[in-house]
Amino acid sequence: MKKTECVAMLLAGGQGSRLGVLTKKIAKPAVPYGGKYRIIDFPLSNCTNSGIDTVGILTQYQPLALADYVGSGKPWDLDRTGGVHILPPYQNTDGAGWYKGTANAIYQNMNFIERYNPEYVLILSGDHIYKMDYSDMIKQHKETGADCTISVIEVPMEEASRFGIINCNEDGSIYEFEEKPKAPKSNLASMGIYVFNWEKLRKYLTEDEAKENSSNDFGKDVLPAMLNDGNKMFVYRFADYWKDVGTIESLWDANLDLLNPKIDLNLADPKWKIYSGTQSLPPQFIGESAEVENSLVTVGCNVYGKLDFSVLFENVTVEDGASVEYSLVMPGSVIKKGAKVRYAIIAEGTVIEENAVIGQSPESVGNIDDWGIAVIGDGLKVGKKAKVSAGKMVTGDVEEGQTI
């Protein structure tokens, strides 16, 4: 007798190297987002809201912070029934160790899946911002009689070559995969979200593991093999907000999207809550001297300076005379008197001393190709009157008066 209809396997072990200093000590899914959240809150909340109560989280890079944050899964109501389980790589009698690819990560945890003997397995990525009802995808999977269903989203045709592109018939059945094609035939990009019949997935994972030259990846190996063998594979079309926050620019964009009324990402929707493991803190305080416009200010913050088009995470202080514009200031950071932060990301626990200047607006840079978001790493100190130019990524303390 089956214990559960569907087990979700959440791939959360990536280093996120394109986020640079922001993932030096934490995995990408643990990166703060939206004032009170972490990126992993979105797939976990989607599971809860979709009625999926058994979730395996596959960790590898810097797993401690992520494991501490997820804990027993209580904030997402995943501390009962199947529950949430942290699944790091481990040494076994076959000599397996680090996860070699997305498919290998699932292969190494087939014993976990077997414990629940599911009908279906849902594969998720831990580094995307979106709200999706996975039960609708599973319902379509059943109705089409598919062996595998892949969630896709339409992207601008001029950007399609950056994605894994799927070509399908009018009925949604897939006939071709293209991995970052130079001349894409469609703009249907894979979202890295898959529903498999468990018996079928187990077969192809085992066969892929036996191949000497396989990269052990779903998109490159397992899915093409299934298609070549004539399995029934369909797309599930997703048309709502979705953002891959794999770069500094996309993380910055995704946060500022919350301030744009034209962007359809409602985190206050009572019908589809996004839960988080953040601690209980006092309300934010907005001082008499503060000027706050078009910004998101989270609990525990103390604001006495100027904010515009910015997101302040929990326990941030912006002192009198300081200004923060078009920026993200992550938990516990302090922006001191007279400091100016523009087009920047300030990581956790960082202090920007008096009259320091972080970042520049695009129009203030002579060559727009030289412009970018300035990033200050976590726990650092930027000295008084120091200056950090546009696009710089700071990995160590900046001395008083120093220009970078």
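Residues are numbered from 1 along each chain as its sequence is written, and side-chain values rest on heavy atoms, with hydrogens and water left out. Because the model is predicted, local features need pLDDT of at least 70 and side-chain atom pairs count only at pLDDT 80 or more, while totals for chains, interfaces and linings use all residues.

**Cysteines**

A search of the whole structure finds zero disulfides, a disulfide being a pair of cysteine sulfur atoms within 2.5 Å.

**Second largest pocket**

On a 1 Å grid over the protein atoms alone, a pocket is an open set of points with protein on both sides within 12 Å along at least five of seven lines, and its lining residues have an atom within 4 Å of a point. The second largest pocket holds about 220 Å³ of space, and of its 13 lining residues K131, M132, F238, D240 and W272 are the closest to the centre. By class, this lining comprises six nonpolar, one polar and six charged residues.

**Parallel sheet**

Six strands form an open sheet in the order β15-β18-β21-β24-β27-β30, with parallel pairing; strands are DSSP runs of E with at least two residues, and two of them pair if DSSP finds at least two bridges between them. At the edges stand β15 (291–293) and β30 (387–388), each with a single partner strand, so one side of each is left without a neighbour in the sheet. Within the sheet, β21 (residues 323–325) and β24 (residues 340–342) pair in the parallel sense over three bridges, and E325 stands opposite R342 in β24.

**Aromatic pairs**

The structure holds 14 aromatic pairs, counted where ring centres of Phe, Tyr or Trp (its six-membered ring) lie within 6.5 Å, with planes under 30 degrees apart called stacked, over 60 edge-to-face and the rest tilted. The rings of Y194 and F218 have centres 5.5 Å apart and planes at 45°, so this pair is tilted. Because Y194 lies in strand β11 (residues 188–197) and F218 in helix α7 (residues 218–228), the pair ties together parts that are 24 residues apart in sequence; helices are DSSP runs of H or I with at least four residues. Both Y194 and F218 are buried. Elsewhere, ring pairs link W252, F309, Y326, Y343 and W371 into a cluster.

Notes:
1 Å grid on protein atoms, 1.4 Å probe; cavity = no way out; pocket = protein on both sides within 12 Å on 5 of 7 lines; lining within 4 Å. Points joined across faces, edges and corners; volume = space filled by probe spheres on them. Nonpolar A, V, L, I, M, F, W, Y, C, P; charged D, E, K, R; others polar. Buried < 20%, exposed > 50% of the residue type's maximum accessible area, 1.4 Å probe, protein only.
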